[in-house]
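Hi,

Could you take a look at this one for me? The structure comes first, and my notes on what turned up follow below.

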Amino acid sequence: MIFSICISFGFKHEVSRQVFGFSGHLRVGAYQTSSARTPDPIHRDDVDWEIVVEAWHAASLQQFHKQAVATQIGLIKTDIYNHGIQFKGVEQDYDFLFFKSCLIEGNIPNLADSVTSNEVLVSRTLAQKLHLELGGRLHTYFVDENHVRARAFTISGIYESGFSTFDEKMIIGDLRHIQRLNDWDADEVGSFEIILPNSAIRNLNEQARLFNFFLPLDLVAVPITSDFPETFNWLELMDMNVIVILVIMALVIAISLISVFMVMIIEKTNEIGIFKTMGMPLATIRRIFVWKVMYIAGKGMLIGNFMALTLCWIQKNYPIFKLDPAMYYIKHVPVYFEWSWLIFCNVGTLAIVLLAVLLPSIAIGKIKVAEAVKFS
């Protein structure tokens, strides 16, 4: 039961962490009133961020991080292969913590200079598919309604998240390239990504409503879960799977303990008759059998806790169960542990054990003394 819960929440935590790492928790952008290829830009001063920060801090007593971004569809051209990509433009204040954890070669692009940086971050998937190397040149082409614009970048780093949805198309570079491609001013961006503290991401829809209350009417805050519904709906289905597994295991526990209890009663029928003949109260006899079964269940729970925690530790530090990233978005079975789940699992199991042994204990009172003494 513990291992099932840790795996389920491990999937939710790891997949959500990767989506949030690429896109943030909330996206603040303009309402799209048309199907234009290039989204409408927004101005940096369209939002009074001081008011939003103060209001959100007053409601949650925490701070959030905002970062300006923009995306552009393009094409990478090599001597042997062409590949469509999504260029994500970011600025110096972009939170690269997630990409630093995924970085396998090179460095994060340097965006601190006043001039536009040509350094980009590409995935290992793209590097292998297009035969790209660290420090090599990357020739890309961006198409608008009038003509094609070529840009040459330098690969400063290679990352590997294992999330194929992003790894196959996403490259990270300087936002100023997109501003020039779209003829935007320096204060125009595609959108703002909002990164919330961990305690505030459990209900992103509620957080989005709070932001929308302070945003202008032509802007909207959208939770990232709405941008990737198929991924998060799949994660929600895993909760139902865990519930089904726990219910089945609870039934197995109850049936097994009832069987153990009934076998003990049959084996000790003669002793039960002797105890009754000697005047021992029925409640005391029941208590003896209940404590005996609880002792058996308790020893099993200790062994189960030790095995589950050991297996979780091994899988977390030395992953032995591998997965296909194309199917599951990650390379190995993830585990995510919290003490509250361990306590809940153990307390729930104890409750099931207690209910399972109290009901058949009624059978002790049905045993007749004369027949029990003769039972062999």
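Predicted model: local features only at pLDDT ≥ 70, side-chain atom pairs only at ≥ 80, totals over all residues.

Over how many bridges do strand 3 and strand 4 pair? The answer is eight, and the pairing of strand 3 with strand 4 (residues 82-90) is antiparallel. Two strands count as paired if DSSP finds at least two bridges between them.

Residues are numbered from 1 along each chain as its sequence is written, and side-chain values use heavy atoms, with hydrogens and water left out.

**The strands**

Back to strand 3, which covers residues 65-77. Strand 3 makes a hairpin with strand 4, with four residues between them, and glycine 74 sits opposite isoleucine 85 of strand 4. Strand 3 also pairs with strand 7 (residues 137-143), antiparallel again, over two bridges; there, leucine 75 has tyrosine 141 as its bridge partner. Lysine 66 is the bridge partner of isoleucine 194, and valine 69 is that of serine 191.

Strand 11 has another antiparallel partner in strand 1 (residues 26-30), over three bridges. Here leucine 26 is bridged to isoleucine 194.

Is strand 11 enclosed or open? Five of its five residues are buried, so strand 11 is largely enclosed by the rest of the structure. By buried I mean under 20% relative accessible area; exposed is over 50%, and partly exposed is in between (1.4 Å probe, protein chains only). Ser191, Glu193 and Ile195 point one way from the strand, and Phe192 and Ile194 point the other way.

**The largest pocket**

Rolling a probe the size of a water molecule over the atoms shows where empty space is left. In this model the largest pocket holds about 1,200 Å³ of space. Of the 34 residues lining that pocket, the closest to its centre are His13, Ser16, Arg17, Phe20 and Ile201. A pocket, on a 1 Å grid over the protein atoms alone, is an open set of points where a 1.4 Å probe fits, with protein on both sides within 12 Å along at least five of seven lines, and lining residues have an atom within 4 Å of a point. Grid points are joined across faces, edges and corners, and the volume is the space filled by probe spheres set on the points.

Which helix supplies the largest share of the lining? That is helix 1, with eight residues. Among the other elements supplying at least two residues each are helix 9 (229-267), helix 13 (339-358) and strand 11. The lining divides into 13 nonpolar, 14 polar and seven charged residues.

**A few single residues**

Serine 8 is in helix 1 and counts as buried because its relative accessibility is 2%. Leaving aside neighbours within four places in sequence, serine 8 is in contact (heavy atoms within 4.5 Å) with Met238, Asp239 and Val242.

Arginine 149, in strand 8 (residues 148-159), is buried at 16% relative accessible area. Its side chain reaches the backbone oxygen of arginine 180 at 3.0 Å. Not counting residues up to four places away in sequence, arginine 149 touches several others, including Tyr141, Asp144 and Asp183.

Aspartate 183 is worth a look for another reason. Most residues other than glycine have a negative phi. Phi of aspartate 183, however, is positive, near 60°. Aspartate 183 lies in the loop between helix 6 (175-181) and strand 10 (188-189) and counts as exposed at 60% relative accessibility. Histidine 131 also has a positive phi, of about 60°. Histidine 131 is placed in the loop between helix 4 (124-130) and strand 7, and is exposed at 58% relative accessibility.

Cheers

Technical notes:
Nonpolar A, V, L, I, M, F, W, Y, C, P; charged D, E, K, R; others polar. Polar contact = N/O pair within 3.5 Å; in protein donor to acceptor, adjacent residues only side chain to side chain.
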